[in-house]
Amino acid sequence: MAMPERNAPLLSAKSPMIGFACCVIVGIAVMFFASGYLLLQCTQILVFAIAILGLNILSGYNGQVSLGHGAFFAIGGYVTAVLIAKLSVPFWAAVPVAGVASLVLGLLIGLPALRLEMLYLALATFSLAVAVPQLLKNKFVEGWTGGVNGLQIPKVQPWAAVGLDRDQTIYLYALIAAVIVFAMTIGLLRGRVGRALMAIRDHALAAETMGVDVRRFKTATFGVSALFTGIAGGIGAVATSFVSPDTYSFFLSITLLVGAVIGGLRSVSGALFGAAFVVLMPNYAERISQAAPWAIYGLFLIVFAFFMPSGLAGVIRSVQARVTASMRSGARTP
Amino acid sequence: MEGFLYQLFAGLAMGGIYACMGLALVIIYQATHVVNFAQGEMAMLSTYLAWTLLGTGMPYWVAMILTLLASFAVGALVELLVIRRIPKESPLAVVIAMVGLLVIINSMVGWVFTYDTKDFHTPFSGKSPVPMLSSHEFGALLVTLVVMGLVFLFFRFTRIGLGMRAAAANPVSAKLVGISVGGMLSLGWGLAASVGAVAGVMTAPFVYLDPNMMMSIIIYAFAGALLGGITNPWGAVIGGFMVGIFENLVGAYVVGSELKLSVALALIVAIVTMKPEGLFGRRVVHRV
Amino acid sequence: MSAQLELSNVNAWYGKTQVLHGMSLRVGEGGVTALLGANGTGKTTTLRTICNLMVRSTGAISFLGESIQGKPTNEIVRCGIAHVPDNRGTFVQQSVEENLMLGAYSRCDRDGIAADIERVYGLFPKLRDRRRQQAGTLSGGEQQMLAISRAMMLRPKLLLLDEPSFGLAPLIVRGIFETLTQINKDEGVSVLLVEQNANLALEIANYAYLVESGHVVLEGNPGDLRQDETIQRVYLGG
């Protein structure tokens, strides 16, 4: 299993609170100064940041791989859509409910997933990712899901009382959700939960003997991972006002994976960077070709794999070591 | 009853394709301990190559032979340039690299050939000798059986086949008898790529050629390989046929054809949680 | 006796751990050379280093006058060095006969290979009885016979043996050592033998090295070594 270095702290930033506060301030500023397409993109970045954080939690702290996290995104999106479109639930309530649905699914999957070797978990989640669109199209749930055509979501009511238009409302909602989710994660990781997770990651057997219920923690982590990605899926559906089976294709799961890998598999802030990358990069790459973003994703994945588990930081360190060594041997001229 | 037989035989024909892909997957897994998530895309790439060659007016079998040779070369190169550089101590790195390979191949093909579907004609026309099978179904079944038979003979009766089996089973001892283990691994990837190419070329007339053609095929191949036992090449073959028949019958009589992939998913989940070594996963007798 | 294999000031590491510190030894052509010493002193590592297997090394290693230091294992093997590792390295999933065929992998003379297989069965009749059996099902002694036979199929000039007596009943060990002597005399194959059982090793060797902490501390012919106090006390129990 690709374990992050032992005894490495769970959080990379020395003072996450300052960085976090800065991000929140920037986030609020965006709402007032950005509009139209840019605002929508920022909403998308927040959505993906939450989703990718979910995946990061799974791989960085549980050490598990999921090639099918798009499934949770889909659950979040579809449950939200059904609640709003068919049951007239207001969007700000529908999303958390969808998140809970995703959480439940995550817990159900999480327990048996514990017994699976990485290879088998990868195979199972890969198959899930490919099967999701078909599952969404099937005729047994067509009445609710709209089958192949998907579901239109009625446009949300803007929070006019606060002077926001529709796009700003959705953005603010996404921002609030992101702040809650990220703050929750940072808070948990700094406290007892974080220490327990670190113990599990580094010495699972020892942790167990010291009273840490490893299985419960790992199952709960899987659930939380699903919860976050599900919430993200719900907000994403609200933002696009539409869900359809082909939105949640296998390649969505790949996008989440790429975002997680690029930001750093166990980095909380990395989820934000990864999200920015997968939302913004295609804008430029698609000018070359529809396929170009994917070629870039694939290249990133392979190159990243070459440098696992130490990642980019490890590459820099080994280059430094080689330079230092050659300087030293140069000093000892024969 | 007649309808049932048709479904059964159709499942057998598709099963041959799943068996071929499953064989390719297991060859690679046994040699390099890597699950090649990109096997389907490599097969798809080979099929596009064949399509291009056929477009020049070349006779079918000439195009096929060239495709097989080119696929072999590509497979060996991928092993040499990509697989060798992945730190095998990290299973996560392996998974990520294979997914990356999948994405690169898929996108490059989409870039060059566009995502429009293309026609791919079968070389098997006329009346099929078996009434339950269409001419292409019969031809595909025959071809996949022949190819798998040749691979069996290769591994069993040739010196290089023995060397490959030895290099996969015990690389250290293989080196000690003078085998170039790296060379054997490249050969294994090349062979698997060629076998996959056969599966791809036989698939295209069924489903139209597009970059995502092999996406669901690979899932069925995984299911078959897991069912038979991912450590046993011939288990994977039998598993592939079983999945082909099962999937077709369930799709025809139980869940409808739109949910066939979900059946494969359910099968995969069931196997990995309950019996990961599959039906025929071999356990080797060791005496220290 | 000209030196067939020569190690000169060889250091070797497993990862960051250094195991050999200035190891030097020679194996004469046609001779039987023994490496003695307690567990963990670097004897197995020496054999591995000769074959460049699993270790990183510096220093001079030459075979038949040519340097083999740092070359890929399979190339070193093809120069005529056969290594029987301490775990025997049997191809457990393959049959006995397939193991022998693998031993001859680097050769192309089909008739010669067939003749050699017959000779092996002549030396070890038990292997003929089990020729189609999966090699992993053989007993310890049979696997050792198979391992030595597999090495001989290479038609090596030098045979490296790592603890051939380990875990085997004394009667079987005696039989194996007799065969080794026979191989050495009849075929002129040099032997470099790592053995914890010093008595046994000194019986068939014509030169021996005592290894401690990754280098040689004592060397000589068996007669002299037997007289040495340290060897007597520590290794011969006398």
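This is a predicted model: local features need pLDDT of at least 70, side-chain atom pairs count only at pLDDT 80 or more; totals for chains, interfaces and linings use all residues.

Me: Which chains have the most contacts between them?

Reply: Of the two pairs of chains that touch, A and B have the most contacts; a contact means C-beta atoms, placed from the backbone, within 7 Å. That contact takes 41 residues from chain A and 39 residues from chain B. On the chain A side, helices H5 (118-137), H11 (250-263) and H13 (292-306) give two or more residues, and H5(A) has the largest share with 14 residues. Helices here are DSSP runs of H or I with at least four residues, strands are E runs of at least two, and both are numbered from the N terminus.

Me: What classes are the residues on that side of chain A?

Reply: They divide into 33 nonpolar, five polar and three charged. Nonpolar means Ala, Val, Leu, Ile, Met, Phe, Trp, Tyr, Cys and Pro, charged means Asp, Glu, Lys and Arg, and the others, Gly among them, are polar.

Me: And where does chain C sit relative to A and B?

Reply: Chains A and C have no contact, and their closest C-alpha atoms lie 15 Å apart. The contact between C and B takes 25 residues from chain C and 18 residues from chain B. Helices H2 (73-78) and H3 (96-103) of chain C each supply at least two residues of that chain C side. By class, that side has ten nonpolar, 13 polar and two charged residues.

Me: Switching to chain B. How do H2 and H4 pack?

Reply: The axes of H2(B) (residues 39-55) and H4(B) (residues 91-113) come within 9 Å and cross at roughly 25°. Axes are lines fitted to C-alpha atoms, for helices over the stretch in contact, and angles run from 0 to 180 degrees between N-to-C directions. H2(B) is therefore roughly parallel to H4(B); the classes are under 35 degrees for roughly parallel, over 145 for roughly antiparallel, 65 to 115 for roughly perpendicular, and oblique for the rest. The crossing is left-handed, where left-handed means that the near helix is turned anticlockwise from the far one by less than a right angle, and right-handed means clockwise. Residues in this contact include B:Met44 and B:Tyr48 of H2(B) and B:Leu102 and B:Phe113 of H4(B).

Me: Oblique or roughly parallel for H3(B) and H8(B)?

Reply: H3(B) and H8(B) are oblique to each other. The axes of H3(B) (residues 60-81) and H8(B) (residues 181-207) come within 7 Å and cross at roughly 140°, and the crossing is right-handed. The contact includes B:Phe72 of H3(B) and B:Trp189 of H8(B), and its residues are 16 nonpolar, six polar and one charged.

Me: Which residues touch the most other members of the largest nonpolar core?

Reply: A:Ile50 and B:Ile268 do, in a core of 285 residues. A core is a set of buried Ala, Val, Leu, Ile, Met, Phe, Trp, Tyr and Cys residues joined through C-beta atoms within 7 Å. H1(B) (residues 2-32) has the largest share of this core, 18 residues. Leaving aside neighbours within four places in sequence, A:Ile50 is in contact with residues including A:Phe228 and A:Ile231.

Me: What about C:Arg155?

Reply: C:Arg155 also has a positive phi of about 55° although it is not a glycine. With 18 C-beta neighbours inside 10 Å, C:Arg155 counts as partly exposed.

Methods: Residues are numbered from 1 along each chain as its sequence is written. Chains are lettered from A and ligands numbered from 1 in the order in which they are written. A residue is buried if 20 or more other C-beta atoms lie within 10 Å of its own, exposed if 12 or fewer, and partly exposed in between; C-beta atoms are placed from the backbone.
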